[in-house]
Structure formats: C-alpha cells, structure tokens
Amino acid sequence: MMTFKFISFFLALVFLCFSSSVRAGWIIEQVIYSVATSSKESSKQKIKSKFYFSKNRVKSLQGNSEIIINYNSNQIFIVDSGRKLYWGSTIDEYIGEIARSVAQSRKKLEESLKNMPPEQRKAIEEEMKKQGLRLPGEAKQSDMKVQVRIEKTPDKQTMAGYNATMYKIYTDGAVYQEIWVSDDMSVYKDIDMNKMNDFQNRVNETLSSLYTSSGGGLESSLEYQKLLEKGYPLKTVQVVGQNKGIIEVVNAKETEIGNSEFEVMKGFRKTTLEEVMKTNVGKETR
C-alpha cells in the first residue's frame, strides 16, 4: 500500500503575481526496493517512480501507470500510457469504485475459504496473515485503535542533496517505521493539508476491510500527519516479513511545470477503472 501512500501529496493554488520561486513546482524521483533483515545487501530489483507537484495537482509515474489528481476540480485520472487507456471521474466516484471492488474481492475470498478442506484452508489463512490480509471474522482495521509514538533521533544524513533527520515510528509499542524527513524541501508549502489527509484517510478506511496491517491506522493518525507537514520524507524503512521495504528519494528539484503534465494525452481511450488498473507496473533491475 506504499504506492497509494506516496500519490496523495498535493500543492494548493498560488497567485500568478508571485515570484517564480513561489510558483515553481517539484519533480521528485524515488526507488522502492527491499533488504533482507539478515543482510545489508539490497535486492537487485528496484521500482522507479516519479512525482510532479504543482498548483494543487500531482502526477505519479511508475512504469506505464500514471495517476493524476487535481484538487482544484476534485478529479482523478488513472492512465495506462502503454495501452493508451484512461479512466477519470471525481474523487468521490473513485472511492466508491474502490469500495465496490473491495467488497466483491472480500465476498469471493470468504466463499472460497468456506468450501476448502480444513488443512488447505489453514494453509491459505497462514499465507493471508503473512500478506496482511484480514481473515473472516477479524475486526476491521478502522475498528482497532493504533497507539502511535514518534521519536526524533539525533541521526542526520544528506540524501538527494538535502539534509534529513531520522524519526522512529512506534505503533502499539513496537518500531513500525524509520523515516528520514527533510524540512529543507518546501514541497508541502502550498498543500491543502485538509484535502490531502482526507483523501488518505478515505483510502485507508476503504481498504481496511481487506487488510489488518497497522500502517493504515498509522497514516490516519494525527501524530503521523503532523510529522509529514514538517517536511518531505526522503527515506522510509519498514519491516515486511523477513525483509525491510525501503522507499528512497534519489533526485528532487524545484522547477516550473507546465499544465500539460496534469492532462491526459490526446488520443487516449476512456475505459472502465477495472480495465485500466490491469496495467503492469514497470520494474528496473540494477
């Protein structure tokens, strides 16, 4: 769910009479990879993604997948540039589509488990637990209160040319994340934080019927949201099973971004959200 987390940062409208430094947007490139908890060597596979932020709009790119959110019009577009397909509507309709899809997936899963032999069902349920999927009868993630504590550490590093401070994030008394935040970057200076947080909270709530991970409760917590208001996260480390999942910014620059970056290219065909979401996410190996 990390991808959803990093597509919800948006800039607010700015006045045209301001200086170019105020009107400028941001382009941020990052990689996602994993490291075995028993080793310091990272995986060879790294997923690259790029984000554009400007005037209360954001675009994320990952392989052929594009997501464009315009908070001025409250619209969202999901694009498959490889197949020249897109789906677009209001944010409310997008949340509704996710909710319907989650409900269908949950129903199919429960029916499938119900008809399985006991031993096979037990094996499937064990695998579901590893993947953070909620078992039938388990409480929804949103029904469970997550105790969040944030500890600022003295650890400081320079990443992508910016200074960052490491924070440890505890949920229910255990370390859940380590996150390096830079207050040198003004990515969030024009963000409508209320809209950003509302979008993230609604996505988490919709997915809570499928997932049990405390991450959703964390991201919806006031403490965590306040931390991200201080600056931009340059690196996030989170233990996932026997591995550490890492999201790391490798390049960031403040620059002017044209309006065309936040528009669907001409000639693309509009289709259903289900069809366009079948796009493959591009991976790059190093």
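Reply: The side chain of Q238 makes a polar contact of 2.9 Å with the side chain of Q177 (a polar contact is a pair of N or O atoms within 3.5 Å; within protein, one must be able to donate a hydrogen and the other to accept it, and residues adjacent in sequence count only if both atoms are side-chain atoms). The model is predicted, so local features need pLDDT of at least 70 and side-chain atom pairs count only at pLDDT 80 or more, whereas totals for chains, interfaces and linings use all residues. Residues are numbered from 1 along each chain as its sequence is written, and side-chain values use heavy atoms, with hydrogens and water left out.

Q238 also has a polar contact with the side chain of Y176, again at 2.9 Å. Q238 lies in strand β10, residues 232-240 (helices, H or I with at least four residues, and strands, E with at least two, are DSSP runs numbered from the N terminus). With a relative accessible area of 12%, Q238 is buried (buried means under 20% relative accessible area, exposed over 50%, and partly exposed in between, with a 1.4 Å probe and protein chains only).

Charged contacts come next. Side chains of opposite charge can pair when their charged atoms come close. The structure contains eight salt bridges (a side-chain nitrogen of Lys or Arg within 4 Å of a carboxyl oxygen of Asp or Glu). One of them joins D80 to R83, with 2.5 Å between the closest N and O atoms. D80 is buried at 2% relative accessibility, while R83, at 39%, is partly exposed.

Another salt bridge is formed by D92 and R202, at 2.9 Å from N to O. This pair connects distant parts of the chain: D92 belongs to helix α3 (residues 91-114) and R202 to helix α5 (residues 193-207), with 110 residues separating the two. D92 is exposed, at 51% relative accessible area; R202, at 28%, counts as partly exposed.

A further salt bridge links E110 with R106, whose closest N and O atoms are 3.2 Å apart. Because E110 and R106 are four residues apart in helix α3, about one helical turn separates them. R106 is buried, with a relative accessible area of 6%, whereas E110 is partly exposed at 32%. E93, E97 and R100, for their part, are joined in a network of salt bridges.

Five of the six residues of strand β3 (residues 57-62) are buried, so the strand is largely enclosed by the rest of the structure. Strand β2 (residues 45-54) pairs with β3 in the antiparallel sense over five bridges (two strands pair if DSSP finds at least two bridges between them). Within this pairing, Y52 is placed opposite K59 in β3. The hairpin of β2 and β3 has two residues between the strands, and K55 there adopts a positive phi near 50°.

β3 also pairs with strand β4 (residues 65-70), antiparallel and over six bridges. L61 stands across from E66 in β4. β3 and β4 likewise form a hairpin with two residues between them, where G63 in the turn has a positive phi of about 65°.
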